[in-house]
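I am opening a notebook on this structure. The entries below record what I looked up, one topic at a time.

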Amino acid sequence: QLQLVESGGGLVQAGGSLRLSCAASGSMFSINSMGWYRQAPGKQRELVAAIVSDGNTSYADSVKGRFTISRDSAKNTVYLQMNSLKPEDTAVYYCNWYGRRWWGTKKDDYWGQGTQVTVSS
């Protein structure tokens with residue numbers, strides 16, 4: 001089973017920055033997309049940023065211009081650079097990979113355990 005491990009969360013003041021990392025325990029046959037989701041208390045999980053196989057990226061409107069998603073394929077790692085953080089960015093952030101674990105298998109979602117980001121005002 002592929003394991004995704006997030007790191008880099010923490011407590012930061014508004015206007016500060018954090019860099020999240022998501023490292024995989026192994027490789028995948030093919031990756032369609034890698035993304036970051038977040039879930040605040042009492043709210044649904046939402047997509048924050050994603051990067052697809054050709055390198056194109058997409059962002060939620062609320063984080064455009066502040067967050068940047070990137071990947072290092074050699075390290076099996078995806079990053080989320082978060083700048084100009086706001087209190088409303090407070091949430092548990094989850095890493096997601098979507099693709100085929102092995103040749104011939106169906107595409108599936110893989111999730112990390114989540115990392116807490118808290119932005120104080």
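**Entry 1: terms and ground rules.** I count two strands as paired if DSSP finds at least two bridges between them. Strands (E, at least two residues) and helices (H or I, at least four) are DSSP runs, numbered from the N terminus. This is a predicted model, so I note that local features need pLDDT of at least 70 and side-chain atom pairs count only at pLDDT 80 or more, while totals for chains, interfaces and linings use all residues. Residues are numbered from 1 along each chain as its sequence is written, and side-chain values use heavy atoms, with hydrogens and water left out.

**Entry 2: strands around S4.** I began with S4 and S9, which pair in the antiparallel sense over nine bridges. Arg38 has Tyr93 in S9 as its bridge partner. I then looked at S4 and strand S5 (residues 46–52), an antiparallel pair with six bridges. Ser33 faces Val52 of S5 across this pairing. The hairpin of S4 and S5 has six residues between the strands, and Gly42 there takes a positive phi near 75°.

**Entry 3: the open sheet.** In what order do the four strands of the open sheet run? I read the order as S1-S3-S8-S7, with antiparallel pairing. Strand S1 (4–7) and S7 are at the edges with a single partner strand each, so one side of each has no neighbour in the sheet. From one strand to the next the twist averages 15°; for such angles, axes are lines fitted to C-alpha atoms (for helices over the stretch in contact), and angles run from 0 to 180 degrees between N-to-C directions. Within this sheet I looked up S3 and S8, which are joined by six bridges in the antiparallel sense. Leu18 stands opposite Met82 in S8. As background, strands of a sheet pair through backbone hydrogen bonds, either parallel or antiparallel.

**Entry 4: the disulfide.** I took a disulfide to be a pair of cysteine sulfur atoms within 2.5 Å. By this rule I count one disulfide. Cys22 and Cys95 form it, with their sulfur atoms 2.0 Å apart. Cys22 sits in strand S3 (residues 18–24) and Cys95 in strand S9 (residues 91–100), so the pair ties together parts 73 residues apart in sequence. The torsion about the S-S bond of Cys22 and Cys95 is about -80°, so the disulfide is left-handed. Are the two cysteines buried or exposed? Both Cys22 and Cys95 are buried (buried is under 20% relative accessible area, exposed over 50%, partly exposed in between, with a 1.4 Å probe and protein chains only).

Entry 5: Most residues other than glycine have a negative phi. I noted Asn76, with a positive phi of about 50°. Asn76 lies in the loop between strand S7 (67–72) and strand S8 (77–82), and is partly exposed at a relative accessible area of 23%. I also noted Ser84, whose phi is positive and near 50°. Ser84 is in the loop between S8 and S9, and is partly exposed at 40% relative accessible area.

**Entry 6: Phe29.** I found Phe29 in the loop between S3 and strand S4 (30–39). Phe29 counts as partly exposed, at 47% relative accessibility. Which residues does Phe29 contact, leaving aside its neighbours within four places in sequence? They are Arg100, Arg101, Trp102 and Trp103, where contact means heavy atoms within 4.5 Å. The C-alpha atoms of Phe29 and Trp103 are separated by 5.9 Å, although the two residues are 74 residues apart along the chain.
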